[in-house]
Amino acid sequence: MAIFLRSSVCKSKLIFSLSKIVTPITSMKLSTCNLEYIITEKVGEKQNVGLVKLNRPKALNALCDGLVTELTEAVSAYDADDSIGAIVVTGSERAFAAGADIKEMLDKTYSTNLKIGLLKQWDNLSKCKKPVIAAVNGFALGGGCELAMMCDIIYAGEKAKFGQPEIVIGTIPGAGGTQRMIRSCGKSFAMEVCLSGNQISAQEALSRGLVSKVFPPEKLVDEAIKLAEKISEHSPLIVALCKESVNYAYESSLSQGLQFEKKSFYGTFATDDRKEGMTAFIEKRKPNFSNN
């Protein structure tokens, strides 16, 4: 759930360019020609990074149902694309996503929310097996902040602003704001952010552990792509196992997490890529992973 700075009907189209090599997606099941709220591209020198750019500029990328549907479908398509090793989700320099579309929520009731499962489709983003990196410039408020926290890694531009201002409009976060922030930043800070509605800077988000690195706004997306390319060099199978193990720590005690990690570690010895990786290390050459 979220709040955004301004709501409007979204029809604008924006051409997105990067200094990286960029080509349209051809192997995705998603039909890119019918997209209204996002732009999808394969980027990187090996075209192995999936880029999703939120494209609702007049509404500061407010997360309307149509945008969330296109976003989740794009991420799912990249997750199924064997040529993609990692995914980057970004917005514009002005706004990553300034929140949910309040106009869509205004007349909803408790019973209708329960029946339709309001915001439930957002959960599909966190089900992606491949690493998802949020490149956050500008506002990431309410649902925008929650969307960023659903990703595995957050890179922020120096002028980024994070926050959970739902309290200001008489509601609370509904897509993980009260749950994920406390796991990243601790109880006291999460309480302060959620109860005050105050925005926090990229620098404070970095010091609290909400984001991992901060860059100048114009370099942010390129840096996120570089990280995605680095991750994509590794075995997709082993990357997925490692991501699962880290995420398991969210849901378990230390002893349970250590047991899960150990079993996953043992499991890698049943893979061709584990053997290839260790053999390549001993032979002092680059590994040739087969995703098996």
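How much space lies in the second largest cavity? I looked this up first in what is a predicted model, where local features need pLDDT of at least 70, side-chain atom pairs count only at pLDDT 80 or more, and totals for chains, interfaces and linings use all residues. Residues are numbered from 1 along each chain as its sequence is written, and side-chain values use heavy atoms, with hydrogens and water left out.

I found about 50 Å³ of space in the second largest cavity, a cavity being a set of points on a 1 Å grid over the protein atoms alone where a 1.4 Å probe fits but cannot get out, with lining residues having an atom within 4 Å of a point. I noted its lining as Val75, Val89, Leu125, Val132, Leu147, Met150 and Cys151, which divide into seven nonpolar, no polar and no charged.

I then read that the whole structure holds three cavities of 30 Å³ or more, and that the largest cavity has about 60 Å³ of space. Its lining includes Asp65, Asp101, Glu104 and Trp122, and I counted that lining by class as six nonpolar, no polar and three charged.

Next I turned to two helices. Helix 5 (residues 177-185) and helix 6 (residues 187-196) pack at an angle of about 140 degrees, with their axes 7 Å apart; helices here are DSSP runs (H or I, at least four residues) numbered from the N terminus, and axes are lines fitted to C-alpha atoms over the stretch in contact, with angles running from 0 to 180 degrees between N-to-C directions.

How values were computed. On a 1 Å grid over the protein atoms alone, a cavity is a set of points where a 1.4 Å probe fits but cannot get out, and a pocket is an open set with protein on both sides within 12 Å along at least five of seven lines; lining residues have an atom within 4 Å of a point. Grid points are joined across faces, edges and corners, and a volume is the space filled by probe spheres set on the points. Ala, Val, Leu, Ile, Met, Phe, Trp, Tyr, Cys and Pro count as nonpolar, Asp, Glu, Lys and Arg as charged, and the others, Gly among them, as polar.
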